[in-house]
Amino acid sequence: MTALVPGEVRVDRLRRRMIIVQIIGGAVIVLLAMAPYVFEPAVTSQWIKLFYLITLATAWNLLAGFAGMVSVGQQAYIGLGAYGLFVFNDLGLNPYMSALVASVAIGVVAFALSFVAFRLRGGYFAIGTWVIAEAVRQIVIRFDSLGAGRGRAIADYTADPVMRNLFTYWLALGILAATLIGSLFLLRSRLGVALQSIRDNEVAARAVGVDVSRAKRIVFVLAAMMASLAGAVICLQQIGVQSPSQIFSVSYSAFMIFMVLIGGIGTLEGPIIGAVIYYVMDLYFSQMGLWYLVVLGILAIAVTLFLPRGIWGELRARFDITLFPVGHRVVAVPGPRSSSPAGTRPSQPAPRTDPQTDTTAASARTEG
């Protein structure tokens, strides 16, 4: 790579590509919002599951793929989202507004829990989040008003099943759109750059002035709110919770990890691809029983061995393609060559930087 001359470089924020993504993304969201008027409720009710799977995968990828926090306890917030819906629905709010209000309350809970979880590092953090999830489940089943250990149905719900499916579909789509749009803008911000620096080397990030605790706490709370909204959608689709063990199941975290690793960790496109693959397999092969889980395990092992960066990660590395412009590029700006007047000494060129040591030149492309 040619050495870059100070003053002759600029940061390309990929604004043109961002505008194209916004236009296409807006059109896709509008088309999906109109889908219930075209397809049967049986079809759109299946899409609800795909929407909350993508939301869960994106939330976990935001934690692990961009912030380096591997959690196996996100089921805590899925369960709290479902039971939080019961709490605010009992207070008089409709179930859809209850889901949104509960997510804010659960964000406050996640903020408090972060002071406990962040005392752990690495594998201890992963196990600690699972222990927190189990503790949350044990607390929830102590309340008789929430059904104790028996599960519970939504008390005040839309009577018409067609309208109920329609409202739940729109809520799930809105949550998905907010999750993807919010993640895209967050990762394009200074906070997104800080998160990726923490993921790569937390000590170095702290040394250059990144407020590590603040950045990690923000993404921890956001991921918890996303998971709680997905949990509320699950509760709305099932018209309640079958049992606390089901909604607080660690299998949700296992499926999140599966979707992200299959699609490509550390990318926005990867979790979407992984969620679609898992959704299709679950739709057509879940009747196989235990063999279905065996096939999922074999697929995960095969991708880990032969496509370690995931499907989208390998495609991006091989063909240099990306759909969501997360990163920035430092590009050289060619300047005009000026000739010195006769009898004068040419001005000294600006000192060149060493591309091996200049971090600006070394990070010529930082696509998320």
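The following dialogue explains how several terms apply to this predicted model.

Visitor: How are residues numbered, and which parts of the predicted model are used?

Guide: Numbering runs from 1 along each chain as its sequence is written, and side-chain values use heavy atoms, with hydrogens and water left out. Local features need pLDDT of at least 70 and side-chain atom pairs count only at pLDDT 80 or more, whereas totals for chains, interfaces and linings use all residues.

Visitor: Why is Leu80 called buried?

Guide: Buried means under 20% relative accessible area, exposed means over 50%, and partly exposed lies in between, with a 1.4 Å probe and protein chains only. Leu80 has 17% relative accessibility, and therefore counts as buried. Leu80 is placed in helix 3; helices are DSSP runs of H or I with at least four residues, strands are runs of E with at least two, and both are numbered from the N terminus.

Visitor: What is Leu80 in contact with beyond its neighbours within four places in sequence?

Guide: Contact means heavy atoms within 4.5 Å. With those neighbours left aside, Leu80 is in contact with Ile106, Val109, Val136, Val140 and Phe248. The C-alpha atoms of Leu80 and Ala224 are 9.6 Å apart in space, although 144 residues separate the two in sequence.

Visitor: Why is Arg137 placed in its accessibility class?

Guide: Arg137 has a relative accessible area of 16%, so it is buried. This residue lies in helix 5. Leaving aside neighbours within four places in sequence, Arg137 is in contact with Pro244, Ser245 and Phe248.

Visitor: Is Ile239 buried, exposed or partly exposed, and why?

Guide: Ile239 is partly exposed because its relative accessible area is 33%. Ile239 lies in the loop between helix 9 and strand 3 (240–241). Its phi is near 55°, a positive value in a residue other than glycine.

Visitor: What makes a set of residues a nonpolar core?

Guide: A nonpolar core is a set of buried Ala, Val, Leu, Ile, Met, Phe, Trp, Tyr and Cys residues joined through side-chain atoms within 4.5 Å. The largest such core has 91 residues, and Tyr77, Phe220 and Ile247 have the most contacts inside it. Helix 9 (residues 212–238) gives the largest share of this core, 16 residues.

Visitor: How large is the largest pocket, and which residues are closest to its centre?

Guide: The volume of the largest pocket is about 690 Å³. Of its 28 lining residues, Gly25, Val28, Ile29, Leu180 and Phe324 are the closest to its centre. Helix 1 gives the largest share of the lining, eleven residues.

Visitor: How do the lining residues of the largest pocket divide by class?

Guide: Ala, Val, Leu, Ile, Met, Phe, Trp, Tyr, Cys and Pro count as nonpolar, Asp, Glu, Lys and Arg as charged, and the others, Gly among them, as polar. The lining of the largest pocket accordingly has 23 nonpolar, three polar and two charged residues.

Terms used: On a 1 Å grid over the protein atoms alone, a cavity is a set of points where a 1.4 Å probe fits but cannot get out, and a pocket is an open set with protein on both sides within 12 Å along at least five of seven lines; lining residues have an atom within 4 Å of a point. Grid points are joined across faces, edges and corners, and a volume is the space filled by probe spheres set on the points.
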